[in-house]
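Open the structure in your viewer and keep the selection panel at hand. The tour goes stop by stop.

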Amino acid sequence: MNILIVEDEPLVADFLDRGLRAEGHATAIAATAEDGRARSLEGGFDVIILDVMLPDGDGIALCALLRGAGLTTPIIMLTARDDVADRVDGLRHGADDYLVKPYAFDELVARIDAITRRRRPDEPEPRRYAYRDIVFDRDAMAVTRGGAAIALTAKEFGILDLLMSRPGSVVSREHILSSVWNIEVDPLTNIVDVYIGRLRHKLESHGPRVIETVRGFGYRLC
Ligand code: CA
């Protein structure tokens with residue numbers, strides 16, 4: 001999908017941008033309300049992610065302006081203020097959904113999926129996955145490979161959960177940081193690589209290589 005990110009905070013915009021691109025989306029960033037207005041009205045976006053606090057205006061007013069101009073593109077508002085009035089305001093002015101900062105990156109991805117109906121929200125998440133000779137059981141917090149039990153830490157389990165739930169698809173470092181560490185800005189450390197290394201070591205003592213690095217994007221099961 002083609003996603004416009006209207007966000008003035010460079011670190012947040014960059015994190016969203018890289019994460020969404022790694023999920024397979026095309027992205028554009030607008031750092032001001034004016035740029036956001038111009039790009040939105042040019043059209044061609046499937047979703048607009050709109051920050052409420054912008055240096056030259058507020059996102060709620062921009063949302064109202066875009067709807068007034070006849071734009072029907074789904075809009076997800078991001079608000080730093082955990083203020084119910086704000087959110088009701090945003091929705092009343094034509095936003096389709098909102099997220100309160102700090103939000104988890106995977107929650108944003110889920111909202112995008114829901115809004116664009118790629119995934120039915122009533123579909124229950126599977127509790128148990130199998131990929132090649134690896135069996136992953138969420139309820140029992142247990143992982144086996146070729147029948148042999150593999151002891152994982154909670155973080156390793158969380159990473160494998162992300163990979164196993166979408167085999168073959170790339171899971172971005174941003175998605176892992178957000179989902180497993182609750183970090184929304186890249187800490188500029190190799191923490192994810194370190195944990196992937198440990199996970200590989202444990203899985204590969206029972207079989208061939210299964211986690212592939214996709215340079216510049218993330219990881220996937222191969
Ligand atoms: Ca902002």
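**Stop 1: the metal site**

Start by selecting Asp51, which is buried, with a relative accessible area of 3%. Keep in mind that this is a predicted model.

Which residues coordinate the calcium ion? Asp8 and Asp51 each give an OD atom, and Met53 gives its O, at 2.0 to 2.3 Å. Read along the sequence, the donor residues follow the spacing D-x42-D-x1-M. Colour by secondary structure next. Asp8 sits in the loop between strand S1 (2–6) and helix H1 (10–22), while Asp51 belongs to strand S3 (residues 47–51), so the pair ties together parts that are 43 residues apart in sequence.

Asp51 counts as buried because its 3% falls under the 20% cut-off.

**Stop 2: the sheet**

Hide the side chains and select the strands. Five of them form an open sheet in the order S2-S1-S3-S6-S7, with parallel pairing. Strand S2 (26–30) and strand S7 (97–100) are the edges, each pairing on one side only. Look along the sheet: from one strand to the next, the twist averages 20°.

Zoom in on S3 and strand S6 (residues 75–79). These two pair in the parallel sense over four bridges.

**Stop 3**

Select helix H3 (residues 59–68). H3 packs on the sheet and touches S3 and S6. The direction of H3 makes about 165° with that of S6.

Then select helix H5 (residues 105–115). Which strands does H5 lie across? The strands are S1, S3, S6 and S7, and H5 runs at about 175° to S7.

**Stop 4: a helix pair**

Move on to helix H6 (residues 154–164) and helix H7 (residues 173–181). Their axes are 10 Å apart, and the helices pack at an angle of about 130°. That angle makes H6 oblique to H7. The crossing of H6 and H7 is right-handed.

Finish with the side chains back on. Which residues make the contact?

- From H6: Lys155, Gly158, Ile159 and Leu162.
- From H7: His175, Ile176, Ser179, Val180 and Trp181.

Note on methods:
Residues are numbered from 1 along each chain as its sequence is written. This is a predicted model: local features need pLDDT of at least 70, side-chain atom pairs count only at pLDDT 80 or more; totals for chains, interfaces and linings use all residues. Side-chain values use heavy atoms; hydrogens and water are left out. Donors are N, O and S atoms within 2.8 Å of the metal (3.2 Å for Na, K and Ca); water is not among the atoms, so sites may look incomplete. Buried means under 20% relative accessible area, exposed over 50%, partly exposed in between (1.4 Å probe, protein chains only). Two strands pair if DSSP finds at least two bridges between them. Axes are lines fitted to C-alpha atoms, for helices over the stretch in contact, and angles run from 0 to 180 degrees between N-to-C directions. Contact means heavy atoms within 4.5 Å. Angles under 35 degrees count as roughly parallel, over 145 as roughly antiparallel, 65 to 115 as roughly perpendicular and the rest as oblique. A crossing is left-handed if the near helix is turned anticlockwise from the far one by less than a right angle, and right-handed if clockwise.
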